[in-house]
Amino acid sequence: MGEKIRARRKALGVNAINTAESAGISRVTLHRIEKGEASVTMGAYLNVLAALGLTLPEAEVPSTIDVEDAIPTRIKIDDYPQLRQLAWQVHGTDTLTPVEAHDIYERNWRHIDASKLEARERHLINSLQTGLGGDFPHV
C-alpha cells in the first residue's frame, strides 16, 4: 500500500511536506507509510489516503457467513433461561461477551437440564461450541 500511496503522490506532483501537512501527520510518518511500515497507525494511513483522494478497497464479506449461525457480540442473559440460572453470580450487567457466556456454560454444564433447553439457547450453545471450542457437548 505504501508504494501505491507514494506513486499517487508523485503522480499528483505533490511533495512529501505538503502531503504530510494535508494529512495532519509529520513528514517522517509519511515516509514510514510510503515504506510500508506496519508500526504506523491506521488513522495516519487513512488520513494520507484521504489527502491524496484515495480510499481503501471495500472489505469483502465471505458469502459463506450465515447470519443465523453468527455468534452475537453481546448475549443478553435474560434471553436464555438456562444461562440466566447459571449466571446468578453476575452482577452489574445484563449482557455477556461470547467468551464469558461460553465459560459459564462450560464450567457449569453439569447443572444444565438439556431437556429444558429452548431451541434458541440450544442454537447459541452450539454456536459457542463451534466458534470457541471447549469440553461441553453439542446439544
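Which side chains meet in a salt bridge at 3.6 Å, N to O? They are those of aspartate 79 and arginine 120, where a salt bridge is a side-chain nitrogen of Lys or Arg within 4 Å of a carboxyl oxygen of Asp or Glu. The model is predicted, so local features need pLDDT of at least 70 and side-chain atom pairs count only at pLDDT 80 or more, while totals for chains, interfaces and linings use all residues. Residues are numbered from 1 along each chain as its sequence is written, and side-chain values use heavy atoms, with hydrogens and water left out.

**Overall make-up**

- The protein chain has 7 helices and 2 strands, taken as DSSP runs numbered from the N terminus (helices: H or I, at least four residues; strands: E, at least two).
- Along the sequence, these elements follow the pattern α-α-α-α-β-α-β-α-α.
- Of the 139 residues in the protein chain, 31% count as buried; buried means under 20% relative accessible area, exposed over 50%, and partly exposed in between, with a 1.4 Å probe and protein chains only.
- Contact means heavy atoms within 4.5 Å. Among contacts in the protein chain between residues at least 6 apart in sequence, 48% join residues at least 24 apart.

**Salt bridges**

- Side chains of opposite charge can pair when their charged atoms come close.
- The count under the salt-bridge rule is 5.
- Arginine 9 pairs with glutamate 34 in a salt bridge, with the closest N and O atoms 2.6 Å apart. Arginine 9 belongs to helix H1 (residues 2-12) and glutamate 34 to helix H3 (residues 27-34), so this pair ties together parts that are 25 residues apart in sequence. Both arginine 9 and glutamate 34 are buried.
- In the salt bridge of aspartate 79 with arginine 120, aspartate 79 sits in the loop between strand S1 (75-76) and helix H5 (81-86) and arginine 120 in helix H7 (residues 119-132), so the pair ties together parts that are 41 residues apart in sequence. Aspartate 79 is partly exposed at a relative accessible area of 28%, and arginine 120 is partly exposed at 48%.
- Aspartate 113 and lysine 116 form a salt bridge through their side chains at 3.9 Å, N to O. Aspartate 113 is partly exposed at 29% relative accessibility, whereas lysine 116 is exposed with a relative accessible area of 58%.

**Helix packing**

- Two packed helices are described by the angle between their axes and the distance between the axes. Here the axes are lines fitted to C-alpha atoms, for helices over the stretch in contact, and angles run from 0 to 180 degrees between N-to-C directions.
- Helix H2 (residues 16-23) packs against helix H4 (residues 42-51) at an angle of about 115°, and their axes are 8 Å apart. H2 and H4 are therefore roughly perpendicular to each other; angles under 35 degrees count as roughly parallel, over 145 as roughly antiparallel, 65 to 115 as roughly perpendicular and the rest as oblique.
- The crossing of H2 past H4 is right-handed, a crossing being left-handed if the near helix is turned anticlockwise from the far one by less than a right angle, and right-handed if clockwise.
- Thr19, Ser22 and Ala23 of H2 make the contact with Asn47, Val48 and Ala51 of H4. The residues of this H2 with H4 contact comprise 3 nonpolar, 3 polar and no charged; Ala, Val, Leu, Ile, Met, Phe, Trp, Tyr, Cys and Pro count as nonpolar, Asp, Glu, Lys and Arg as charged, and the others, Gly among them, as polar.
- H3 and H4 cross at roughly 90°, and their axes come within 11 Å. H3 and H4 are therefore roughly perpendicular to each other.
- On the H3 side, Thr29, Leu30 and Ile33 meet Ala44, Tyr45 and Val48 in H4. The contact of H3 with H4 has 5 nonpolar residues, 1 polar and no charged.

**Two buried residues**

- Alanine 20 is placed in helix H2 and is buried, with a relative accessible area of 2%. Not counting residues up to four places away in sequence, alanine 20 touches Ile25, Ser26, Arg27 and Leu30. Alanine 20 and asparagine 47 are 9.0 Å apart in space, C-alpha to C-alpha, and 27 residues apart in sequence.
- Leucine 83, in helix H5, is buried with a relative accessible area of 0%. Leaving out residues up to four places away in sequence, leucine 83 touches Ile75, Ile77, Leu96, Ala101, Ile104, Tyr105 and Glu121. Leucine 83 and tyrosine 105 are 22 residues apart in sequence and 7.1 Å apart in space, C-alpha to C-alpha.
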